[in-house]
Amino acid sequence: MPTCRRGPKFLLVSGVSAMAALDSLSLFTGLGLSEQKARETLKNTALSAQLREAATQAQQTLGSTIDKATGTLLYGLASRLRDTRRLSFLVSYIASKKIHTEPQLSAALEYVRSHPLDPIDTVDFEQECGVGVIVTPEQIEEAVEAAINRHQPQLLVERYHFNMGLLMGEARAVLKWADGKMIKNEVDMQVLHLLGPKLEADLEKKPKVAKARLEETDRRTAKDVMENGETADQTLSLMEQLRGEALKFHKPGENYKTPGYVVTPRTMSLLKQHLEITGGQVRTRFPPEPNGILHIGHAKAINFNFGYAKANNGICFLRFDDTNPEKEEAKFFSAICDMVAWLGMDWTKPRRAGGYTPYKVTYASDYFDQLYAWAVELIRRGLAYVCHQRVEELKGHNTLPSPWRDRPTEESLLLFEAMRKGKFSEGEATLRMKLVMEDGKMDPVAYRVKYIPHHRTGDKWCIYPTYDYTHCLCDSIEHITHSLCTKEFQARRSSYFWLCNALDIYCPVQWEYGRLNLHYAVVSKRKILQLVATGAVRDWDDPRLFTLTALRRRGFPPEAINSFCARVGVTVAQTTMEPHLLEACVRDVLNDTAPRAMAVLESLRVIITNFPAAKSLDIQVPNFPADETKGFHQVPFAPIVFIERTDFKEEPEPGFKRLAWGQPVGLRHTGYVIELQRVVKGPSGSVESLEVTCRRADAGEKPKAFIHWVSQPLMCEVRLYERLFRHKNPEDPTEVPGGFLSDLNLASLHVVEAALVDCSVALARPFDKFQFERLGYFSVDPDSRQGKLVFNRTVTLKEDPGKV
């Protein structure tokens with residue numbers, strides 16, 4: 001009977017819930033969701049409530065009917081927005097069609113994530129989200145045509161088996177706010193025009209590739225994503241990945257939940273002590289060896305370690321792994337600090353809320369006394385011993401067992417003390433740990449003898465710990481929660497856990513991720529030293545290298561490198577990227593930050609015979625032509641100007657649109673058009689100068705082209721760079737049998753010693769960046785001196801397969 005009494009009320013509530021569910025189901029399918037997707041959404045209470053609210057607000061502007069494209073954006077907003085306070089603000093932009101593409105939505109979500117405080121600067125917001133930017137069909141046609149031209153030989157061979165996503169991705173890299181469907185349609189049309197209808201062979205399926213290992217398929221690599229036409233905005237942002245939405249990391253204090261973590265009887269009490277010390281805070285560290293300059297792969301590690309701490313309101317240590325004084329130099333310490341700070345992790349400034357500021361700069365040598373004490377404790381516990389096998393006997397994985405492995409504990413203690421007091425020569429004795437590593441290597445060395453003064457401890461020590469011994473113990477001392485390292489350290493994971501547990505101290509968790517490499521590059525310290533020694537490059541900061549100092553010297557903005565690392569993302573598999581993808585990030589940043597100037601690399605003198613004034617005119621040139629609110633600079637316009645020699649031809653080929661007989665051109669920013677009257681040649685027959693007349697641009701037919709120019713210019717040196725290596729993989733003996741030094745591109749540097757630049761850059765300082773109109777982005781090199789600026793070309797305006 002009690003059941004019967006509850007029945008009517010239960011049915012009433014169920015009926016109301018059912019009706020509400022049907023209403024929501026109808027609302028969601030009206031947005032373009034399939035019925036199955038709509039039902040799945042209803043199961044997620046928070047998502048369905050947010051989507052219902054977004055749709056209801058949009059209907060106030062659009063009426064009861066919402067088109068599928070808008071509905072898709074509303075669903076994307078509801079499923080990805082974390083700060084519900086911003087829902088109405090973003091819905092208003094979607095409903096008014098100001099935000100109408102997926103890249104715009106991703107940019108908007110990223111903007112509100114990074115600007116949590118009120119009020120939102122709507123002008124800045126709209127600029128960052130491409131509101132009002134119109135991408136014309138002509139621009140899409142040109143971008144797709146350029147991409148197809150770059151890959152035409154491969155297209156003609158592979159035909160419809162070619163990865164068309166690559167073409168779409170390259171077009172989108174040029175046109176950030178373009179509609180993806182329009183790009184796809186243009187690609188389909190132009191490919192059809194090039195290849196014709198599909199043949200029978202085109203319809204055959206490509207043979208399946210053998211199934212890859214799980215670790216390489218658990219997530220798509222960033223290269224896959226970017227080459228299949230998806231923008232970084234369509235993938236998870238770096239912050240989203242590092243908050244654990246893509247990486248299933250353990251929470252602080254829950255180390256034991258990690259697969260493979262070794263639990264001992266003391267684990268839980270040690271984790272409890274750890275939480276009392278850290279307060280449950282996420283702690284990471286970036287641990288470079290100070291024996292070389294950081295490279296592009298380190299940039300990923302820096303972003304990962306500092307980024308994961310930032311995303312989880314934690315802290316990150318910059319810890320120097322200074323355990324080998326033989327290879328460490330002061331210049332490397334300072335260069336590493338400079339580069340970490342340059343990328344935005346600057347500990348010399350006050351810590352910003354949510355900033356990338358290192359919590360503390362530490363050194364492995366800070367802990368030498370503690371590390372030595374723990375080594376003694378290992379011996380006492382019978383877990384380490386002094387060995388006299390020679391270095392060559394210890395190399396490799398199939399080494400002979402040490403005949404001293406079972407020597408008495410007291411004997412090893414005395415011998416280890418003798419090692420510390422300098423009673424053994426280098427290589428005569430080592431301290432080894434009693435364990436077998438994951439890769440089968442037996443009894444790794446913990447301490448070795450080196451009679452080399454240390455940069456911080458001087459002559460105090462003549463024995464130094466190894467990485468295998470030091471790293472996990474330093475992590476334990478600093479109570480690191482997530483020890484993030486690249487895949488080659490996976491074989492050390494067993495020794496990492498073993499050593500902490502052997503000493504009964506807090507044991508962090510080691511997580512491995514894939515390294516970041518680039519084609520057409522080497523980043524090995526040993527190989528860069530060879531390049532320097534042979535004179536192939538000037539030093540570690542030669543702009544043709546991919547060290548961070550080299551990229552800075554070349555003019556790559558740190559924001560672009562960080563953006564590239566975010567686009568690469570965090571993957572398990574090793575990632576090797578094309579340099580042009582990094583270049584695209586550089587262009588994105590410099591397009592908005594590098595003021596325009598005019599420069600002429602190979603000059604041709606032009607005399608205007610009817611110059612419209614008695615003296616030179618002052619021309620106002622916008623720093624950013626697309627946004628004149630960013631100001632102007634002034635350049636002189638005199639009767640004698642200089643143009644690029646390639647902008648003139650006496651006998652032009654078909655399609656040539658610049659200066660020629662009967663073909664006038666405009667001079668950018670002046671409002672004047674020049675027309676050829678006379679060609680002056682030297683004794684050898686080469687063109688020395690031109691005589692022209694000018695008229696107002698609005699006084700006649702519009703010219704076919706407007707060219708850049710300089711007048712009363714500064715002379716400067718310009719360095720133009722191409723790839724240092726000719727093959728994609730210069731270290732691969734199957735691709736380059738003669739070794740990477742045989743693969744050098746002898747034309748990788750072209751110096752223009754007498755280039756001309758307008759006087760607006762006269763006060764430029766090293767690392768200042770400009771866009772030289774029609775030529776590319778350039779950065780002032782530190783070699784500049786008073787009266788002679790030196791510029792490095794950072795990147796061209798558009799992707800050039802021969803440049804990096």
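This briefing covers a helix, a sheet, the cavities and the aromatic pairs of one structure.

The model is predicted: local features need pLDDT of at least 70, side-chain atom pairs count only at pLDDT 80 or more, and totals for chains, interfaces and linings use all residues. Residues are numbered from 1 along each chain as its sequence is written, and side-chain values use heavy atoms, with hydrogens and water left out. Helices (H or I, at least four residues) and strands (E, at least two) are DSSP runs, numbered from the N terminus.

**Helix H22**

- Helix H22 spans residues 493-502, and seven of its ten residues are buried, so the rest of the structure largely encloses it.
- Buried means under 20% relative accessible area, exposed means over 50%, and partly exposed lies in between (1.4 Å probe, protein chains only).
- The buried residues in H22 are Ser495, Tyr496, Phe497, Leu499, Cys500, Asn501 and Ala502.
- Their cover includes helices H18 (368-380) and H21 (467-477), along with strands S5 (430-433), S8 (482-486) and S9 (509-513). Contact here means heavy atoms within 4.5 Å.

**Cavities**

- A cavity is a set of points, on a 1 Å grid over the protein atoms alone, where a 1.4 Å probe fits but cannot get out; lining residues have an atom within 4 Å of a point.
- Grid points are joined across faces, edges and corners, and a volume is the space filled by probe spheres set on the points.
- By this rule there are three cavities of 30 Å³ or more.
- The largest cavity has a volume of about 60 Å³.
- Its lining consists of Tyr467, Asp468, His471, Cys472, Phe489, Arg492, Ser495, Tyr496 and Gln510.
- H21 and H22 are the elements that give two or more residues to this lining. H21 provides the largest share, four residues.
- By class, the lining of the largest cavity holds four nonpolar, three polar and two charged residues. Nonpolar covers Ala, Val, Leu, Ile, Met, Phe, Trp, Tyr, Cys and Pro; charged covers Asp, Glu, Lys and Arg; the others, Gly among them, are polar.

**Open sheet**

- Six strands form an open, mixed sheet in the order S17-S14-S20-S19-S18-S21.
- Strands S17 (640-644) and S21 (706-707) are the edges, each pairing on one side only. Two strands pair if DSSP finds at least two bridges between them.
- S14 (residues 603-608) and S17 run antiparallel and are joined by five bridges.
- Arg605 stands opposite Phe642 in S17.

**Aromatic pairs**

- Rings of Phe, Tyr and Trp (its six-membered ring) pair if their centres lie within 6.5 Å; planes under 30 degrees apart are stacked, over 60 edge-to-face, and the rest tilted.
- By this rule there are 29 aromatic pairs.
- Phe89 and Phe125 form an edge-to-face pair, 5.0 Å centre to centre with 65° between the planes. This pair links distant parts of the chain, 36 residues apart: Phe89 in helix H5 (residues 87-95) and Phe125 in helix H7 (residues 122-128).
- Phe125 counts as buried because its relative accessibility is 0%.
- Phe637 and Tyr672 form a tilted pair, 5.9 Å centre to centre with 40° between the planes. They lie 35 residues apart, Phe637 in strand S16 (residues 632-637) and Tyr672 in strand S19 (residues 672-681).
- Phe637 counts as buried at 0% relative accessibility, and Tyr672 counts as buried at 11%.
- One aromatic cluster is formed by Phe368, Tyr372, Phe416, Tyr447, Trp461, Tyr464 and Tyr469.

Methods
1 Å grid on protein atoms, 1.4 Å probe; cavity = no way out; pocket = protein on both sides within 12 Å on 5 of 7 lines; lining within 4 Å.
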